[in-house]
Amino acid sequence: MSANQNNSSNFKSQLKVSISQEKEEAQETLEIIHEMSQILNCGLDRQQLAVLVSMIENGVNPEALALVVNEMKTELNTYKKIHKQ
Amino acid sequence: MDESELQAEMTKMTNKSQAYRLQDCINRLNKTRLKKKNELIHFLFRTSQLGQNNSYTNQTLDTLFKSQEISQINYSQTIPKKIIEESPINNDLMNIIQQITDKGNGTLSISEKDLIKDLIFSIQGIESQFISYDPINDQFQVKKDIAISSASRKLLNVMCECGWLFKKIQTFTQSNYNSLVLQALQNSIKEELNEYYRLIAYFENLLAESTLTLRKMYMWLKQPMHHLVQINLVLSQNLTNVQLGTTSSLVISILCRYSKHGCPQTSQLFSRILHQTTIPIVRFINQWIFDGSLNDQAQEFFIERNDSNKIQIRDSGELWKNEFKVNQDKIPYMISLNDSYKIFDTGRVINWLRKQCKFTQFNQNYDLITIDLLGTEQFSLFVDQVNKEYNKQLIQLIKPNFKITLNAIKRFLLLGQGEFIHTLMELLQTELNKPAQQCYRHTLLSILESAFKHISQEVRLNVKLLEPSQNDTGWEIFCLDYTIDEPLNTIFNQKIMLSYYRIFNFLWRIKRVEFTLTQCWKMHQKFMVIPNQFQTIKKAIQLSYQMMNEMQHFIKNFYSYLMLEAIESSWKKFIDECDKIQDLDGLIKIHELFISDILDRSFLNTKGESTQKLLFKLFDYIFRFKSCQELLLSYAKDQISQTDNQQLQLKNLLNKQQNISRQNQNKNQDIIKSLLELRKQYRDQMFDLLEKLKKEDRLKFLHFKLDFNEYYLGIQESKIFNQDLERFIEKCLPKVNEVQIQPNRVPNSKQIVQPQQQQQRIFNTNIDIQNDLRQFKEGLKQSDEQRRQQLQFKNQFTKSPLEKSPLIQIPPTMTEHEKRKNDEYLSSSDDD
């Protein structure tokens, strides 16, 4: 019984470990991507990037997505311009 | 995006440090667990605003959603694989829409021609530019980043399936197989694929002429695809089998069934394949039927060699039965079980003939079997014919030898040649009477050889000595043996020879009993004439003679039953059947039947065990009788010789002799007692045997022969002949007691004989005499009384002087005869 419990606890701890590991990894990945976007001057912050990356990972076509993003940016810009006005 | 593109892109960047940083980041990214790294990088490049223009996107969308003026789409940011000039991009709305809605990289504009080219590669199972092999899904797929309509994508994917099928088939055709059938299959499939290649060449031709479209290709590929699908089906069914051995027959069976497919194209396809594939099998069959050889490396043929090293070539019977065997799992579908057995038999016959009989000339009047013949009715007929022919040859070869051997066995092992057996027995009897350990084979063999001289022929007989158990004399272990060599070893194998030995043993035993009884008879003959003085001995000898006759009757009848009903009838049946047989198996069978028949009728099998025990007991009694009789006759001899002496030396030996005679008589009684007991036991056994025989129908005749006047039945029922000694003596020798009581009366030796007889006579008449005497005495008394009365009466009446009165009567005088009689009786009465 104790062995079983140990096992289960191990498993749980492993799970916890893996979950925390994953979180760390995800953070790291996001950092890298953020850096790249910074270098490339994409103008996207971390949150936006997270969403976009997840969309791409899920199979969205990056070309189309890029188009959409750019469009939305310009829209935003025009909005801002209009608002400012 | 490829590495090259990336490099190109990065070289465009002004800031080198940035480029390095970017590189670094990309490296780090590659270590992460993102799946779509390339897409991500692509995306980032697209969304970057590194001073490059981003107007195109804007404009594109503007045109799309706001239907403004369409500006030239600028592709300069991307690095297309193809040169832009080549792709004829119309400023058509539809085109743009299409390019956008087509998934993938819109920049890569692909013409149909390219696709077709790639497709041609892919239907041969080769990856190409746009069509890659997806190992995860195990299919050929058009690459996802290529902008083609979904419809054409679908079409392409469908045609790519062709490529997948092709690849699978090719892996089969290129693998190495041991089995000939599978190799044949590979060859035939390759030939079918040649058609396919031809089609592809045609496609390429058309492509060069640029009249080929996807649709056309699709239509063209339909039929080949269908074929490929079928072939693949068949192959998948085959290749799931692990054992290659069974796959051969499985292959052929499956192909056979598919060749009867409803769809005519499929059936034609498979009949072609089947045709090719059965070539090895047909070759095997031909070799086997006409040559008896088996060259089967991969063990695909349904006849296989029974690989056991125990089978020696010179072993009897085993070679025929066990050298080859039919493996029923491997019989192909088209050959029925009967035919396969016939084929097996033919080859077996040839093999056997070649090995055992050294016979190599076979008539080869038959054409070889062709594939068309296979699976038709003519095939069975053909196989049947060949089989019959070879079997006929076999039988022709064997028959004369077989008949000779069989006759010889009958003559010797089944005691057919009577005079030989008789002489043999006479010569051997002294040897065989010794205890079993002292019987040596060479002595017996030499005697056997001398017996041969009585017959003029040279016979291959041998002496076999069985295992002696305790108290066995030579008789029990002696056995004749007939040497048999190839090829008849197959028919007369060990087991059968054992049964022959058993029958021989039994018959030999009976013969021995008969022989014993004839010896008894011989002994009897010396004592046929016995002087009348030895009544007991005479009666005893008579008794033993009776018994001997009884036993002889039994033995003779039983032996004749065995010879006639058991052996001869089975023999006749066997010989009749012999002429009808057509193959070796049948011959072996009827031979075994013959032997089992004999065993059955002679009570040698397990069913008749009890009867056999009874018989052996009877034989035992007969042997004991012989020894008893020997005793009796030696005693008789002694007696007779003694009494001769007695007549010369009388007085001196009187007392002694009387004692001796008493002793002798005791001994006599012992012998008679034992004889009577033996007779009783013997008769009991006989009765048991007869009871047993009554129960079975076919033994009724034997029962009748043995007891035709119901003698034994009568004995048991009414017990007429009580076997006690006293009664016997009483019946046969009524005066024995008398004689014993009066030994002292005899003073003279001479009178020993006579008074006995006299007294016998006297005794016999004495009773009558006494009766008569009494009567006469009474009669006399009466007559006396009468006389007295008459005298008194006379005295009463004689007072007158007249003496001569007429009234006086003289008493009746006796007649002469009466007088004589009276005198005699009176004199004899004095003796009492």
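**View 1. Asn41(A) is partly exposed, at 40% relative accessibility.** Partly exposed lies between buried, under 20% relative accessible area, and exposed, over 50% (1.4 Å probe, protein chains only). The model is predicted: local features need pLDDT of at least 70, side-chain atom pairs count only at pLDDT 80 or more, totals for chains, interfaces and linings use all residues, and side-chain values use heavy atoms, without hydrogens and water. Residues are numbered from 1 along each chain as its sequence is written, with chains lettered from A and ligands numbered from 1 in the order in which they are written. Asn41(A) sits in the loop between helix H1 (2–40) and helix H2 (46–57) of chain A. Helices (H or I, at least four residues) and strands (E, at least two) are DSSP runs, numbered from the N terminus. The phi of Asn41(A) is positive, about 55°, although the residue is not a glycine. Most residues other than glycine have a negative phi.

**View 2. Phe603(B) also has a positive phi, about 60°, without being a glycine.** Its place is the loop between helix H21 (584–601) and helix H22 (609–646) of chain B. Phe603(B) counts as buried because its relative accessible area is 4%.

View 3. Phe43(B), Leu44(B) and Gln49(B) supply 20% of the area that chain B buries against chain A, more than any other three residues. Chain B brings 34 residues to the contact and chain A brings 32. Contact means heavy atoms within 4.5 Å.

**View 4. One salt bridge links chain B and chain A.** Its partners are Arg28(B) and Glu35(A), with the closest N and O atoms 3.5 Å apart. The term requires a side-chain nitrogen of Lys or Arg within 4 Å of a carboxyl oxygen of Asp or Glu.

**View 5. Three helices of chain B give two or more residues each to the side that touches chain A: H2 (16–31), H3 (37–47) and H4 (55–66).** H3(B) gives the largest share, nine residues.

**View 6. Cys160(B) is in no disulfide.** The nearest cysteine sulfur, in Cys162(B), is 9.4 Å away. A disulfide is a pair of cysteine sulfur atoms within 2.5 Å. Across all chains, the search finds zero disulfides. Cys160(B) is buried, because its relative accessibility is 0%. Cys628(B) is buried too, at 12% relative accessible area.

**View 7. Asn232(B) lies in helix H9 (residues 214–239) of chain B.** With 12% relative accessibility, Asn232(B) is buried. Asn232(B) touches Trp164(B), Leu165(B), Lys168(B) and Ile169(B), leaving aside residues up to four places away in sequence.

**View 8. Chain B has 29 helices and six strands.** Of its 832 residues, 44% count as buried. Among contacts in chain B with a separation of 6 or more, 71% join residues 24 or more positions apart.

Notes: Buried area is the accessible area (1.4 Å probe) that two parts lose on being put together, summed over both.
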